[in-house]
Amino acid sequence: MNLVVIRRKAANAVVAGLAAMAAAIMLACLAWIFHALLARGIDGLDVAFFSRLPQPSETPGGGIADALAGTALLTGMAAAIGVPVGLLAGIHLAEYGRDCAVARSVRFVSDVLNGTPSIVVGVFLYGLLVRPTGRFSGIAGAAALGVIMLPIVTRTTEEMLAMVPGPLREAAFALGAPAWTVTFRVSLRAAFPGIMTGVLLAFARVTGETAALLLTTFDGSRTAIRPTGPTASLAVTTFTHAMSPHHDRQQLAWTAALVLTAAVLLLSIVGRMLRAKVRWPSWR
Amino acid sequence: MSRPGVVASAHRCTAGRRLPGTSGRPHRRLDALLRGAAWTAATVALLVTAALGITLTRGAATVLSGLGTGVFLNDRWDPAAQQFGVLNPILGTAVSAALALAIAVPLSVGIAVFITEFAPRWLSRLAAGAIEVLASIPSIVYGMWGLFAIGPVLGSHVQPWLSSHTAFFQGALADHGMLSASLVLGIMIAPYVSMVARDLLARVPETVKEAAAALGATRWEVVRTVVLPHIRYGLVGAVILGLGRAVGETMAVIFLIGNPLDPGSSRYAPSNTIATAIAKELAGATTDIHLSVLMALALCLFVLTSGILALGRALVMRTARKVPA
């Protein structure tokens, strides 16, 4: 072989090696994160963890029942607003207003909101709801989570509806179906698995959300779960306990982080599996 | 490129136009109802964004009108003495984001190229799955992992070497600090950047790559001469989108960066960022000016991330339009 060929092959091998190394580094990080979560978190994973309230420091046997209930309440309230509004907005973008000025600006603004750091959303609702009322509240937290959910649901719904082949709608119109029937019984039904992906990914995103809640619900540990006052949540409880110097608190934090990660991964994996089911023939 | 034609797509923008289909009265009412509801829901995003901008601007009014740009050039933070200089968090954000990008860009481009070009099928799937999992892990978990796992390793092995052999990362040795925070930040945004990059790489037409290979190019030569030039703008866009993430990230950084608002000698020692300063200070801000400064910081962050996003999105979409999936 001549020298040029050897040099070119060597360059190829070096780049392949570097690319493989990058992938290996990320895989190692993933393994390291899982190892840290499991090694430190699994010890605290018992019934008391899920069923009991936090105990005063240095008292063993505490749990995070309040945080679990709080997260369920907050995400539920956020979804009750964010999901239907996002769905309808997605319908507008894909079915009715595709290329209008309104649709184009909504698309852009949704992407901006999606890229807005959650801490900024937290400051926004702090200024809008917490400061004027003088108290941290579950309502403010749920509103922050709703603002985070909205663009995710909107854009996935639009994307999935846009993938539904036009001839499917045309066929329904040709049979004399009115527009709302076509939207609900043809387009939405055809895109349903994909739309569920968006909803699940939005849930996954807000379940792990911490920064926005830190500024709106605050740390509501050991308070009653009610939307008008400080509310505990899994993410914020994880944060405050991880920052604590007490070992039993840190143990709780790791177990909470393990549960949090498991929940978020479950939601996003199911979501991605649903999306993978969406396959349309190219009838264009 | 025109989207697949739908009968009703011709006059979408004219309000009140009747759509095809049966013209019975109840149907017409339901159609109007659904159209109206969908339009209203779409405008909610616009209203929310406007409310966000207005709330932050009004909150920051004291700073924007009274103090002017003074706080942005002052690096002394001391609420007791009414000193609210925010130069340190701003520089901290710039430095941490730059370091994070320096770590994330080679990693993410390497992974994306590995997945689409070099890896055998099974390994490519494994790596792609791992990237998606990494991208969905909540940032607070990255922060805890950094604090309890990466920090100690860096503090006892890497930082001593760096501070004795280079001019950077001087100062007291600690688990916390700019270095460990930026490293975690970089590892956190790398999967996100590589997912965008991978989507772009997958759009490069097979025929173009095959043509280059048929001319005798090695894999790397195909990537260097055909694939990367094809998606170069999109790739820059992907990196810019990653920058947007890095600039605004709070939880992955807050555990590690140390957060003294009036840091000591070195810019690379424990420091803070705009996001961590807000998270630490907002709940305790009692005076008007204190709150206003934090609101101004949040407004800066919003304007900055919006601009970054608009730029990155435009670049990615430019390439995505050129080579539709």
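Student: How many helices and strands does chain B have?
Tutor: Chain B has 13 helices and 2 strands. Helices here are DSSP runs of H or I with at least four residues and strands are runs of E with at least two, numbered from the N terminus. One caution: this is a predicted model, where local features need pLDDT of at least 70 and side-chain atom pairs count only at pLDDT 80 or more, while totals for chains, interfaces and linings use all residues. Residues are numbered from 1 along each chain as its sequence is written, and chains are lettered from A and ligands numbered from 1 in the order in which they are written.

Student: Thanks! What percentage of chain B is buried?
Tutor: Of the 325 residues in chain B, 51% are buried. Buried means 20 or more other C-beta atoms within 10 Å of the residue's own, exposed means 12 or fewer, and partly exposed is in between, with C-beta atoms placed from the backbone.

Student: Let's zoom in on H9(B). Which of its residues are buried?
Tutor: Those are Trp220(B), Val222(B), Val223(B), Val227(B) and His230(B). Seen down the helix axis, the buried residues of H9(B) fall within an arc of 135°, so they line one face of the helix. That arc is taken from the directions from the axis to the C-beta atoms.

Student: And what do they pack against?
Tutor: Their partners are helix H1 (3-41) of chain A, plus helices H4 (87-118), H7 (178-201) and H8 (206-214) of chain B. A contact means C-beta atoms, placed from the backbone, within 7 Å.

Student: Okay, the interface. How many residues of each chain are in contact?
Tutor: 81 residues of chain B are in contact with 85 residues of chain A. Helix H1 (residues 25-59) of chain B gives the largest share of chain B's side, 21 residues.

Student: How does that side divide into nonpolar, polar and charged?
Tutor: Chain B's side has 55 nonpolar, 17 polar and 9 charged residues. Ala, Val, Leu, Ile, Met, Phe, Trp, Tyr, Cys and Pro count as nonpolar, Asp, Glu, Lys and Arg as charged, and the others, Gly among them, as polar.

Student: Last topic: which residues have the most contacts inside the largest nonpolar core?
Tutor: Val123(A), Met149(A), Ile278(B) and Ala298(B), in a core of 192 residues. Such a core is a set of buried Ala, Val, Leu, Ile, Met, Phe, Trp, Tyr and Cys residues joined through C-beta atoms within 7 Å.

Student: What is Ile278(B) in contact with?
Tutor: Leaving aside neighbours within four places in sequence, Ile278(B) is in contact with Ile119(A), Val123(A), Leu294(B), Leu297(B) and Ala298(B).

How values were computed
Contact = placed C-beta atoms within 7 Å.
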